[in-house]
Amino acid sequence: MKPTKGQKIFRVFNAVLLALLAFLCIMPILNLLAISFSSRNMVQANLVKLWPKQFTISNYHYMLNEPMFFDALLITVKRVLLGWAINLALTVLAAYPMSKSAQQFKSRKFYVGFFIITMVFSGGMIPTYLVVSQTGLIDTIWALVLPEAVDMFYVLLLMNFFRGIPNEIEEAALVDSANWFQILVKIYLPLSLPSLATITLYILVHHWNTYMDGMLYMNNYHNYPLMTYLRSVIMTFNTLEIRPDEIAADPILAQLTGRSTKAAAIILCTVPLLVIYPFLQKFFVSGMVMGSVKG
């Protein structure tokens, strides 16, 4: 059917509105990018908007020559990999039994209620710190991973996805003498790739962006994750603190401003997630289960 005149007008209006909203969302990033590539004089004069003025890479040269930046990046990569593996494994192991009926898993109501309580009530910052401290996790990578190893939001998301998988698939596997672990690994997980990809993205973003636990659990600044290091750069960087002998040893320091260097640090910390996201986006599809049961 040919679209009506009203439908055509709506599509044009919708496209323009979405484009405007997308531009408003990306505009702060473009502004930071322009500032990070602009010269000291242009930034200090507030002449930089969405396009670099007097293009320079001095800010990136300074950040990429900072040893602490790469130390923090390595710690964050370790944290992301460990956190992803532990979070996803525990989420699957918690969601799978709770997705069963009360006849199959008699303690289901108790465990669901137990986990729901953790979403409503939390121990708080001080009790959590005391637990981490008393277990000897301070200044270790495990302090960044274990305190939030299970997120009930992820468990509920995956549990509901598991419950949407037709029971006929599971019954057919049981008839073929498959055990519960084989059903989970060979049937449920392959069919749950969209949900697992969504949870993976949430986990990656959470572990990459969190900075507060680095401040709480890391006494040595050499153990800071990337976002905690970025916070320290944003809060403390000041070109007035650069000594003349440092400028004499590295003239590029004279071209820096606190604002442009902070912008470069933010861009460097954001790029990895922007690179990873397109590879996960293809898994955000629906209807993988549709058509799996025939007859």
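**Stop one: a serine in a loop**

Select Ser38 to start: this residue is buried, at a relative accessible area of 1% (buried is under 20%, exposed over 50%, partly exposed in between, with a 1.4 Å probe and protein chains only). Keep in mind that this is a predicted model, where local features need pLDDT of at least 70, side-chain atom pairs count only at pLDDT 80 or more, and totals for chains, interfaces and linings use all residues. Numbering runs from 1 along each chain as its sequence is written, and side-chain values use heavy atoms, leaving out hydrogens and water.

Ser38 lies in the loop between α1 (5–36) and α2 (40–44); helices here are DSSP runs of H or I with at least four residues, numbered from the N terminus. Now show what surrounds Ser38: leaving aside residues up to four places away in sequence, it touches Val43, Val48, Pro52, Lys53, Gln54, Thr56 and Asn59 (contact means heavy atoms within 4.5 Å). The C-alpha atoms of Ser38 and Pro52 are 4.9 Å apart, although 14 residues separate them along the chain.

Zoom in on the Ser38 side chain. It reaches the backbone oxygen of Ala34 at 2.5 Å and the backbone nitrogen of Lys53 at 3.0 Å.

**Stop two: helix α5**

Next, select residues 108–120, helix α5. Which residues of α5 are buried? Look for Arg108, Val112 and Phe115. They sit on the same side of α5, because they cover an arc of only 70 degrees around the axis, taken from the directions from the helix axis to the C-beta atoms.

Key:
Helix = DSSP H or I, 4+ residues; strand = E, 2+ residues; numbered from the N terminus. Polar contact = N/O pair within 3.5 Å; in protein donor to acceptor, adjacent residues only side chain to side chain.
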